[in-house]
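Student: I would like to go through this structure one question at a time. Please show it first.

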Amino acid sequence: MTLKLEDKKEIVAEVNKVASGAFSAVVADYRGLTVGQLTKLRTKAREQGVYVRVIRNTLARRAVEGTNFACLQDSLVGPSIIGLSLSENDMGAAARLFKDFAKDNQKLVVKALGFDGKLYDAKDIDRIASLPNHKQALSMLLSVIQAPVSKFGRLMTALKEQKEAA
């Protein structure tokens, strides 16, 4: 389907706007997936706050220019689908979505990832996918803060028991 120049400009502007506010990005090759499988991917993406778009590579390269994901431009070859994590509370959502989806659909092949202006290879998907979401990060922080207080409490209890025994 041929696109008019105005349509192309709209697509580039939309993707650029989304990419400017996104926290991480995943580029994958979707060759061989059925329409039904892509629909399932898009449905899961909406539920998890991930922007997913099949876009022409030339338009995608222009759209990511000037964003943290300009590092992905060389990865945009062949049939590509791009996923952008939009939630500040879950920065690894796109990587987790593509990783989980690729388990059931081997034809989805992750090409590259972008996070904080850095390019990551497809084998590093676990790194980005394992980023904690907001609740997990808060619980990790609280456990770190709580540890010294709890150790101090156990020490005081042990000293008290030691004095009582003596």
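Student: How many bridges join strand S1 to strand S4?
Tutor: This is a predicted model. Strand S1 covers residues 24-29 and strand S4 covers residues 109-115. The two run antiparallel, and the number of bridges joining them is 6.

Student: What is the bridge partner of Ala28 in S4?
Tutor: The residue asked for has to lie in S4, which spans residues 109-115. The partner of Ala28 there is Val110.

Student: Which strands are the edge strands of the sheet?
Tutor: The sheet is open and is formed by 5 strands, with antiparallel pairing. Their order is S2-S3-S1-S4-S5. An edge strand pairs on one side only, and this holds for strand S2 (50-54) and strand S5 (118-121).

Student: What angle does the direction of helix H4 make with that of S3?
Tutor: Helix H4, residues 93-104, packs on the sheet. The strands touched by helix H4 are S1, S2, S3 and S4. With the direction of S3, the helix makes an angle of about 135°.

Student: Is Ser75 buried or exposed?
Tutor: Ser75 is in the loop that lies between helix H3 (57-64) and strand S3 (80-85). Its relative accessible area is 13%. Buried means under 20%, so Ser75 is buried.

Student: Which residues is Ser75 in contact with, leaving aside its neighbours within four places in sequence?
Tutor: Contact means heavy atoms within 4.5 Å. With those neighbours left out, the residues in contact with Ser75 are Val27, Ser80, Lys111, Ala112 and Leu119.

Terms used:
Residues numbered from 1 in each chain as written. Predicted model: local features only at pLDDT ≥ 70, side-chain atom pairs only at ≥ 80, totals over all residues. Heavy atoms only, no water. Helix = DSSP H or I, 4+ residues; strand = E, 2+ residues; numbered from the N terminus. Buried < 20%, exposed > 50% of the residue type's maximum accessible area, 1.4 Å probe, protein only. Pairing = 2+ DSSP bridges. Axes fitted to C-alpha atoms, helices over the stretch in contact; angles between N-to-C directions.
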